[in-house]
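Please read the points alongside the coordinates.

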Amino acid sequence: VQLQASGGGSVQAGGSLRLSCAASGSTSSIDAMGWYRQAPGKQRELVATIGRSGSTNYADPVKGRFTISRDNAKNTVDLQMNSLKSEDTAVYYCNVLTTATWPWRQINYWGQGTLVTVSS
């Protein structure tokens with residue numbers, strides 16, 4: 001699976017950005033999709049994930065501000081980020097988890113990362 005992310009950029013605090021990620025390749029095995037981020041000097045952390053059925057999971061710092069969505073037909077996952085704060089500044093990575101049933105195995109794939117900079 002190959003992932004292509006887009007939509008990063010610079011914005012002032014309180015503004016909005018939308019990240020998009022398109023998957024290609026063996027997309028029939030895609031299970032969960034999500035976004036992670038890594039700020040300078042910090043470990044990569046979960047932002048949000050969404051299951052194939054649409055169930056979502058958000059990290060506490062982004063709850064109520066970010067919305068994750070996916071289009072299974074287009075194999076895309078988006079992250080709408082509102083009310084951005086300076087602490088949201090990070091490189092954002094698209095992630096997909098694939099599941100193969102025979103033999104059973106799961107593999108994580110990562111996009112190239114897109115930089116989001118929020119200035120206060």
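1. Cys-94 is buried, its relative accessible area being 0%; buried here denotes under 20% relative accessible area, exposed over 50%, and partly exposed the range in between, with a 1.4 Å probe and protein chains only. Cys-21 is likewise buried, at 2%.

2. As to provenance, this is a predicted model, in which local features need pLDDT of at least 70 and side-chain atom pairs count only at pLDDT 80 or more, while totals for chains, interfaces and linings use all residues. Residues are numbered from 1 along each chain as its sequence is written, and side-chain values use heavy atoms, with hydrogens and water left out.

3. The structure contains one disulfide, a term applied to a pair of cysteine sulfur atoms within 2.5 Å. Cys-21 and Cys-94 form this link, with their sulfur atoms 2.1 Å apart. The angle about the S-S bond is -85 degrees, and the link of Cys-21 and Cys-94 is left-handed. Because Cys-21 belongs to strand 3 (residues 17–24) and Cys-94 to strand 9 (residues 90–101), the pair ties together parts 73 residues apart in sequence. Strands (E, at least two residues) and helices (H or I, at least four) are DSSP runs, numbered from the N terminus.

4. How many aromatic pairs are there? The count comes to one, under the rule that rings of Phe, Tyr and Trp (its six-membered ring) pair if their centres lie within 6.5 Å, with planes under 30 degrees apart counted as stacked, over 60 as edge-to-face and the rest as tilted. The ring centres of Tyr-36 and Trp-110 are 5.1 Å apart and the planes stand at 70 degrees, so this pair is edge-to-face. Tyr-36 is in strand 4 (residues 30–38) and Trp-110 in strand 10 (residues 104–110), so that distant parts of the chain, 74 residues apart, are linked.

5. Trp-110 is partly exposed, at 38% relative accessibility. Arg-44 lies over the face of Trp-110, at 4.6 Å from the ring centre. The charged end of Arg-44 also sits over the ring of Tyr-93, 3.7 Å from its centre. The criterion is NZ of Lys or CZ of Arg within 6 Å of the ring centre and within 35 degrees of the ring normal.

6. Is Ser-120 buried or exposed? Ser-120 counts as exposed, at 88% relative accessibility, and is found in the segment after strand 11 (114–119). Not counting residues up to four places away in sequence, Ser-120 touches Ala-13 and Ser-86, contact meaning heavy atoms within 4.5 Å. Ser-120 and Thr-98 are 22 residues apart in sequence, and their C-alpha atoms are 38 Å apart in space.
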